[in-house]
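The sequence and the structure come first, and the account follows.

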Amino acid sequence: MDRERLTQPISEGECIILLDPEDDKEFLYRMREKGHINLHKGKILHAEIIGKPEGTVVRTSRGDPFLVFRPTLSQFIMHMKRDTSIIYPKDLALILLYADIHPGCTVLEAGIGSGSLTLALLRAVGPEGKVISYERREEFIQRARKNIQLFIGDPPNLEIKQRDIYEGIAETGLDRIILDIPEPWRVVTDAAESLLPGGVFIGYLPTIIQIKSLVDALQEEQRFTSIETFESLVRNWHIEGLSVRPEHRMVGHTGFLTMARRGESF
């Protein structure tokens, strides 16, 4: 989303977040000229939002206030429609930093799912970079395309291939490879062939048994080094007046990240 667009009023076709300031609940909607929103606190017409700047207060038919914002990427990912589990924002943040995804990067991902990682990668590589996505299931491709189009339109630097990565990687000279697939250890040798020297490999997996198989394969393939595995656990805090305590619920284990660097064999 470019800066010029962010300074413009909300337009038809855009997604917005409605924030209930009383309890901090968020709702994601796509604006349509004749649309309306039915909430537990009353009704809001889309026409009352279209043409207004971000941060506007709109009131329901009962008079209750709601704030209007464009969704951040994190908000959109958490509210977008999905047919699969997603990579959560806390893990996406680590992937982007630890894999050093930078403007101009060429990144291959496999397992597009509902498009959360794809969106994060597209933002990080910028218009000069490229994201290549392998996904063998057509229904996942269609869901991811819809989510991507809804948030950023049709990026020219995204190439989605209906292809099984276990059958090989067609591209060479890649800067980064990120795999969200059940058996990434089957791809390790192909990844070593396709990555540039110094390139980064990341596997995202839910169980430590899978991680053990991946790390064994990375160690056996002597062109990979600096192998490490970690996870992130995020706990919010409640701060209100004299009440300062951790939230009772937290975003615990979602997945393990295993990272390796492509060098020369020794």
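## Cysteines, salt bridges and surface charge

C15 is buried, with a relative accessibility of 7%, where buried stands for under 20% relative accessible area, exposed for over 50% and partly exposed for what lies in between, using a 1.4 Å probe and protein chains only. C105 is buried as well, at 0% relative accessibility. A search of the whole structure for disulfides, that is, pairs of cysteine sulfur atoms within 2.5 Å, finds 0 of them.

The model is a predicted one, in which local features need pLDDT of at least 70 and side-chain atom pairs count only at pLDDT 80 or more, while totals for chains, interfaces and linings use all residues. Residues are numbered from 1 along each chain as its sequence is written, and side-chain values use heavy atoms, with hydrogens and water left out.

The structure holds 17 salt bridges, each being a side-chain nitrogen of Lys or Arg within 4 Å of a carboxyl oxygen of Asp or Glu. Three of these pairs are listed here.

| Salt bridge | N to O distance |
|---|---|
| K41 and E22 | 2.5 Å |
| E139 and R137 | 2.5 Å |
| E193 and R223 | 2.8 Å |

R223 is buried, at 15% relative accessible area.

Where does K81 lie? K81 is found in the loop between α2 (73–79) and α3 (89–98), and K81 is exposed, with a relative accessible area of 60%.

Two residues stand out by their backbone angles. Most residues other than glycine have a negative phi. D24, although not a glycine, has a positive phi of about 60 degrees; D24 sits in the loop between β1 (15–20) and β2 (25–30) and is exposed at 56% relative accessibility. D100, also not a glycine, has a positive phi near 55 degrees, is placed in the loop between α3 and β7 (106–110), and is partly exposed at 43%.

Conventions. Helix = DSSP H or I, 4+ residues; strand = E, 2+ residues; numbered from the N terminus.
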